[in-house]
Amino acid sequence: MARYTGPKAKKARALGEPIFGYSRAFEKKKYKPGQHGNTRGKRRQPSDYKLQLTQKQIAKFTYGVLERQFLNLFKKAAANRGITGEVLLKLLEARLDNVVYRLGLAPTRRAARQLVSHRHIMVNGRLNNVPSTQLRAGDVVSVRNKSQGLDVIRDTIAGNSDVRNYGWLSFDSEKMEGTFLTYPERDAIPEKINTQLIVELYSK
């Protein structure tokens with residue numbers, strides 16, 4: 001399964017956003033990496049292209065999607081009704097690995113992707129080991145019976161109850177089961193991503 005395996009804090013600092021979740025290294029050094037990263041001199045105004053590319057990179061690394069997958073999702077979003085950028089975010093939120101993370105079954109999206117690929121997660125009662133699976137309204141995501149005793153899952157559920165406070169999801173901690181109720185609206189998605197710049201980038 002292809003995924004980004006490079007330095008996380010360095011990439012987050014380069015993009016200026018904690019794209020892999022909370023990081024003490026990022027919080028301590030909120031400036032770009034490299035010998036000139038912390039200089040206070042005048043900097044050139046970034047070009048429109050750089051601003052657009054940066055937003056695309058933030059979205060890709062936040063959701064753990066590589067270039068081809070991201071392009072395919074953008075094409076799918078452009079073919080649907082609605083504002084393309086908002087539809088794109090809805091499709092990213094509907095990925096199985098993201099929903100596992102949102103439900104609080106894993107502390108990060110990377111950990112959620114690993115739970116899925118290691119066959120700990122079921123969708124509508126069937127094992128699913130494809131993190132990129134697109135969920136639909138009404139789909140039920142649960143931890144398989146043999147995996148419900150894993151400490152990593154139990155500890156994460158106990159410590160991440162606030163993660164599940166989203167209107168488009170419901171969760172039963174006793175059953176370790178959640179439902180993808182509907183696609184979220186843009187203002188309900190907490191990620192700071194300027195989707196209009198992404199649309200402009202792909203429209204060139």
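Strands β1 and β2 pair in the antiparallel sense, over two bridges. One of the residues involved is valine 123, whose bridge partner in β2 is arginine 126. Before I go on, please keep in mind that this is a predicted model.

That pair belongs to an open sheet of five strands, in the order β2-β1-β3-β5-β4, with antiparallel pairing. The edges are β2, residues 126-127, and β4, residues 169-172; each of them pairs on one side only.

Now the cores. The largest nonpolar core has 23 residues, and those with the most contacts inside it are Leu96, Val100, Ile121 and Val141. Which elements give two or more residues to this core? They are helices α6 (96-102), α7 (109-117) and α8 (151-159), along with strands β1 (121-123) and β3 (139-143). Helix α6 provides the largest share, four residues.

Take valine 141 as an example. Setting aside neighbours within four places in sequence, valine 141 is in contact with Leu96, Val99, Val100, Leu103, Ile121, Met122, Leu135, Met176, Glu177 and Gly178.

There is also a second, separate core of 17 residues, which includes Ala77, Val87, Leu91 and Leu92.

Last, helix α9, residues 195-202. Its buried residues are Thr195, Leu197, Ile198, Val199 and Leu201. What covers them? The cover includes α3 (48-63), α4 (67-79) and α5 (84-93).

Technical notes: Residues are numbered from 1 along each chain as its sequence is written. This is a predicted model: local features need pLDDT of at least 70, side-chain atom pairs count only at pLDDT 80 or more; totals for chains, interfaces and linings use all residues. Side-chain values use heavy atoms; hydrogens and water are left out. A nonpolar core is a set of buried Ala, Val, Leu, Ile, Met, Phe, Trp, Tyr and Cys residues joined through side-chain atoms within 4.5 Å. Buried means under 20% relative accessible area, exposed over 50%, partly exposed in between (1.4 Å probe, protein chains only). Contact means heavy atoms within 4.5 Å. Two strands pair if DSSP finds at least two bridges between them.
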